[in-house]
Structure formats: structure tokens, C-alpha cells
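The stops below go from a pair of elements to single residues.

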Amino acid sequence: MLTRTEKFLRNSASTALLQVVTMVSGFIIPKVMLMVYGSEINGLISSITQFINYFMLVEAGLSAAVVYSLYKPLAEKDYFKISSIVTAAKNFYNSSGYIFVILTIGLSIIYPFFIKTTELTILEVGILVLILGVSGALEFFTLAKYRAILTADQKVYVISLASIIAVITNTIVIVILSYLNINIVLVRAVALLSVFLRSYILYFFVKKYYSYLNYNAVPDNNALSKRWDALYLQILGAVQNGAPIILATLFTDLKIVSVYVVYNLVISGVNAILSVFMSGVSSTFGDLIARKELDRFQKAYNDFELLYYLLIAGVYGVTFVMIMPFILLYTQGVTDANYNLPWIGFLMVLNGLMYNIKTPQGMLVISAGLYKETRWQTTTQALILVIFGIILGKIYGLCGILIASVLSNLYRDIDLVYFIPKYVTKLPKKNTVYRVIGICLIVALIYIPSLYININVSDFLIWILVTLGVILYTLIIIFIYVIIFEKKTLQGLKERIKNLKKR
């Protein structure tokens with residue numbers, strides 16, 4: 001029987017591999033799009049994808065509610081209860097899927113008339129919308145119910161491995177067909193094979209290892225009552241991640257959307273690295289909360305919060321320094337849009353840092369099922385982004401939209417730093433406040449020297465060598481910080497690692 005720590009390590013390792021593969025794919029595909037099809041097509045695909053992601057909100061809250069409801073019956077091996085919850089989830093997902101399909105068809109009819117592009121005809125844009133929507137439809141009708149039970153049962157590694165195969169397949173198909181100068185609509189249609197592949201892999205795994213599941217069981221709809229409370233949290237996530245592209249589509253043009261997407265590649269890559277350390281954590285803490293093991297929960301969370309904060313301080317400190325040299329190298333040879341925009345780079349990294357400061361607390365909101373209790377806060381955060389995004393976007397374009405996003409995340413950081421200690425961890429809030437101040441100090445010490453040094457790199461090998469130098473400097477700063485301010489927690493972490501080695 002695997003311990004929680006061992007399950008966490010297995011899930012983290014598989015997710016780490018997925019994030020590496022996804023990150024590499026995420027850099028390869030846009031580069032191919034830019035070089036073969038241009039900035040306009042790159043911006044168009046990103047814009048359509050974001051609209052479709054918003055349609056995924058028709059199932060908002062359901063996934064989180066299903067996972068939360070499955071923690072207890074899985075711990076108690078109550079197979080009848082598990083089947084009842086999964087059956088209810090399947091019914092909800094199917095209903096949501098039909099709504100999603102209708103919305104996607106509507107977008108395919110309306111969207112082409114509101115977007116200015118000289119690269120594709122109105123019909124081709126409409127078909128492209130439908131093709132990109134197919135993967136979303138499969139999420140509802142096949143993947144969703146499998147993903148929920150595997151996540152709740154701390155078997156995220158299965159999802160990760162299936163996704164790795166799908167991502168590699170998708171990347172190979174797109175790269176080969178693109179360099180053969182195949183029409184982008186056909187390229188994306190053939191790439192759908194990867195989505196079907198992932199669906200079949202998860203289907204066979206669940207069928208084999210969860211043979212007790214009865215999809216015709218009496219649905220336990222009451223178990224999913226938190227779905228409507230979780231709705232607000234999921235809407236926030238969608239608004240937070242997608243609003244910049246939507247607002248840029250409305251207030252700028254597709255080339256500016258492409259600029260945002262290219263810069264966001266870096267932030268997405270950074271967040272992919274960080275998400276490795278979040279994989280399986282929510283379900284682990286959810287299990288501890290369900291068992292009411294407060295002492296173990298507090299110690300585990302205190303250790304995790306410190307490690308995660310040190311990680312984001314280091315990672316984002318390095319990103320502040322190295323983002324512009326990377327962007328200039330990545331966009332070499334692309335002349336149809338200006339990608340040399342240092343202020344955009346600074347704001348993108350700052351926004352990413354603000355977003356991740358609240359990640360440990362936001363994870364506990366999910367683990368504890370506190371959707372209803374955080375409804376007004378999440379609504380306020382979304383409103384800050386949308387209202388200020390519209391106002392500042394009209395005046396300052398993409399910079400204004402990013403400033404609005406920073407303000408939105410800053411508000412939520414402050415809110416959760418006070419909310420979670422009071423209602424979940426029962427730990428002193430000053431611990432988190434001091435650590436947030438520590439993050440800002442570490443990032444400043446890493447970034448400020450670069451303002452006085454001209455980092456000029458001519459190829460990616462030199463960029464990697466310079467980045468390694470910055471990482472070494474970063475590790476020294478973090479080591480000094482831990483020795484001075486977190487020596488006691490560091491000793492506790494050492495003991496935990498020793499115990500793990502013994503097991």
C-alpha cells in the first residue's frame with residue numbers, strides 16, 4: 001500500500017514528465033505557426049481556442065465537486081456510493097456536452113463575421129472553430145468522468161501518461177503537415193487523432209482497474225450539490241486565464257493577440273514547472289481534511305507552503321531576468337509583428353508571480369470544498385479584471401489589460417492570505433505574510449542587478465549558459481534567506497526526507 005508521500009511523488013514525477021513534454025510542444029507548435037503561417041494565424045487559433053475554453057464553463061464546478069465527493073467513499077471503499085456519484089457525474093457531463101456543442105456551432109457561425117483576417121475565408125474560419133471544438137466535446141462525453149475518479153483516487157499519473165502520448169502525437173502531426181504547407185484547417189483536423197487516442201487509453205484503464213463501477217447505478221445527485229458553489233471558482237479560473245486574449249481580440253488585432261500568446265508561452269512554461277509540485281497535493285490535503293487529522297495537516301501544509309514559495313521566488317526571479325533575451329531569440333526571423341516589448345515582458349512575469357502567490361491557499365479552497373464560502377471574493381476578483389481590463393485596455397492596449405490582471409491577482413492574494421488561516425489551517429496568518437514579503441525580497445535581489453547588466457545573447461546555447469549562471473546566483477540568495485528566516489522549518493523538512501528514505 002503506497003503512502004500519501006509515495007503517491008505524491010509518483011504523481012509528481014509523471015506530471016513533471018507531462019509538463020516537460022507539453023512545454024516543449026508549446027514552444028515548437030507556435031514557432032512553426034509563426035514561421036509557416038504567420039502571426040495572424042497564430043493569433044487566430046489562440047483567439048478561437050480561448051472562446052471555446054469559455055464554453056467549457058457549462059460544466060463549471062462539476063469536476064471539482066465530483067472529485068471532492070469521491071474522497072470519502074474512496075477512502076472507505078464504498079463501491080456503491082462511488083458508482084452512484086460517477087453515474088450522476090456522467091449524466092451531468094452529457095447534458096453539459098450537448099450545450100457545449102450548440103454553443104460551438106453558434107460560434108462557428110458568428111465568429112467569422114467579427115474577425116478580420118486575410119489568410120482564411122469566412123467558411124474556413126467557421127470550420128476551424130468546429131474542429132477546435134471537437135476536443136472540448138470529447139472532454140464532456142468521454143474524458144471527464146475518468147479524470148475525476150483517477151484524480152480523487154490519487155492516480156493522476158495515469159492521466160499524465162495518457163496525455164503525454166497524446167501531446168507527442170499532436171505535435172508530430174502538426175509539425176509534419178505544416179512543413180508540407182497543408183492548409184491549417186486540414187492540419188488541425190488530422191491532429192484530432194491525438195484527442196481520440198487519449199480517450200481510449202483512459203477508457204481501457206478505468207475499465208480494467210475500476211471494474212466495480214456501475215454506470216447504471218441510481219445517481220446520487222445530492223453528492224454533487226457543491227457543483228453550483230464550485231461554479232464561481234471555476235469561472236474565476238477561466239476569466240483569469242482567458243480574459244487577456246478575449247480583451248486583446250476585442251480592443252487590438254490578431255497580431256497583438258499573437259504577441260500576447262508568444263510572451264505567455266514563457267509564463268505557461270514556468271507555471272507548467274510549478275504545477276508539477278501541485279499534482280496530487282489537493283487530493284492529499286483533501287484526504288487529510290476528510291479524516292480530520294489536523295496536526296498532520298498543519299505540519300504538511302506548513303512544509304509545503306515554504307517549499308512552494310521558495311520555488312516560485314526562484315523561478316520567477318530567473319524569469320524576470322531572462323524573459324526578454326528568450327523572446328528576442330524565439331522571434332528571430334518573424335517580421336510581421338513587433339515582439340520586442342520589455343514592458344509587456346515585465347507585466348507578464350509580474351502577473352504570473354501574483355497569480356502563483358495564492359496557489360497554496362487556493363488549493364486548500366478546493367481540498368476543503370469551500371466554494372460557497374469564497375463566492376463573493378472570487379466574483380470580486382473577476383470583476384476587477386474585466387472592468388479594469390476594459391477601461392485600461394481601451395487606453396493602453398495590451399499593457400492596460402495586463403495591469404488589470406495584476407490588480408485582480410493582488411486582491412485575491414491579500415484575501416486568501418487572511419481567509420485560509422482563519423477557516424482551514426488554523427495557523428498564524430503572520431507566517432504566510434512574512435513568507436510573501438520574503439518572496440518579494442528574493443525576487444528583487446535576483447532581478448535588480450540585471451537592470452544594470454546588458455544581457456545580450458546570440459543563440460540558445462548562450463542563453464542556456466547565462467540562465468544557468470542566473471540560477472546559481474538565485475540558489476545562493478534562497479539558501480541565505482532560508483538559513484536566516486526559515487531554519488526551524490528546514491529542520492522539519494530534513495526529518496521528513498529522512499523518514500521517506502527509510503521507508
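Select helix 4 and helix 5 together; in this predicted model the two pack with their axes 9 Å apart, at an angle of about 175°. An angle over 145 degrees counts as roughly antiparallel, so helix 4 is roughly antiparallel to helix 5. Colour the contact of helix 4 with helix 5 by residue class: 15 residues are nonpolar, eight are polar and two are charged.

Is serine 108 buried or exposed? Its relative accessibility is 11%, and because buried means under 20%, serine 108 counts as buried.

Show the side chain of serine 108 and the backbone of isoleucine 105. A polar atom of that side chain lies 2.5 Å from the backbone oxygen of isoleucine 105.

Which residues does serine 108 touch, leaving out those up to four places away in sequence? Display Gly126, Val129 and Leu130, which are the contacts of serine 108 on that basis.

Now move to helix 5, residues 122–152, and select threonine 142 there. Relative accessibility is 21% for threonine 142, so this residue counts as partly exposed; the cut-off for buried is under 20%.

Draw a C-alpha to C-alpha distance between threonine 142 and leucine 202: the value is 9.0 Å, for a pair 60 residues apart in sequence.

Key: Residues numbered from 1 in each chain as written. Predicted model: local features only at pLDDT ≥ 70, side-chain atom pairs only at ≥ 80, totals over all residues. Heavy atoms only, no water. Buried < 20%, exposed > 50% of the residue type's maximum accessible area, 1.4 Å probe, protein only. Polar contact = N/O pair within 3.5 Å; in protein donor to acceptor, adjacent residues only side chain to side chain. Contact = heavy atoms within 4.5 Å. Helix = DSSP H or I, 4+ residues; strand = E, 2+ residues; numbered from the N terminus. Axes fitted to C-alpha atoms, helices over the stretch in contact; angles between N-to-C directions. Parallel < 35°, antiparallel > 145°, perpendicular 65-115°, else oblique. Nonpolar A, V, L, I, M, F, W, Y, C, P; charged D, E, K, R; others polar.
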